[in-house]
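Here is a short briefing on one protein model. Look over the fold first, then the details below.

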Amino acid sequence: MSYSEYWERIFTQSEEMNALIASYWREYSGLGTWQFWVVLALMGLPLVIVYLSVDRTRIFEIFFFGYAVHILWTYADSFLERYSYFVHTYFILPMFPYALNMTAAALPVGFLLIYQYCTNRKKSFLLYTIIASAVFAFVFAAVEEWAGMVHFNKGMNQFYIFLIDIAIAYAAYFLTMFVKRMSENIKG
């Protein structure tokens, strides 16, 4: 197959897949389903909580940390979904990433609030992250799987989600510390 034939086939199958996903969304994940409202709540409630509880004296640092969690989880989820390891079967809109409610709201806000709590009270962020990751993976993801909102495939399970949560939160933490130090060095 030539270069242009590959791309023509990719475009055609992509259009077919988009139509199939849109049809699925209308039938099983749209406005008329309880799952849509759960997904919407998982998107909206964390954002309301962070708005009400963020430490505004450190807002850029805290939001940088949360943004790092969001970006890292979005990349991880893109891989996991593309290769069907971990798939969210209900989503806000078919044109958005399926796990948008988790990667843009629930997980970043959860870890952001833990980061804020630990750094404000001189607690061990690394320890609290392990506890939070266990809750997210072994409780929250298990409930989502039980409710049929996610599917684990190809050997993926809650333990791997636990490890990914820890890796992402630690990476965001060390990236935030690095940027914070750089900022302090520039200020003099």
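Buried residues (under 20% relative accessible area with a 1.4 Å probe, protein chains only; exposed is over 50%, partly exposed in between) make up 40% of the 188 residues in the protein. This is a predicted model: local features need pLDDT of at least 70, side-chain atom pairs count only at pLDDT 80 or more, and totals for chains, interfaces and linings use all residues. Residues are numbered from 1 along each chain as its sequence is written, and side-chain values use heavy atoms, leaving out hydrogens and water.

**Fold**
- The protein has six helices and two strands (DSSP runs of H or I, at least four residues, and of E, at least two, numbered from the N terminus).
- Their order along the sequence is α-α-α-β-α-α-β-α.
- The C-alpha trace spans about 55 × 40 × 30 Å along its principal axes.

**E81**
- E81 sits in helix α3, residues 59–82.
- E81 is buried but has no salt bridge (a side-chain nitrogen of Lys or Arg within 4 Å of a carboxyl oxygen of Asp or Glu).
- R82 is the nearest side chain of opposite charge, 8.9 Å away (Lys and Arg count as positive, Asp and Glu as negative; His and the chain ends are not counted).
- Leaving aside residues up to four places away in sequence, E81 touches F86, V87, H88, Y98 and A99 (heavy atoms within 4.5 Å).

**L163**
- L163 lies in helix α6.
- L163 counts as partly exposed because its relative accessibility is 39%.
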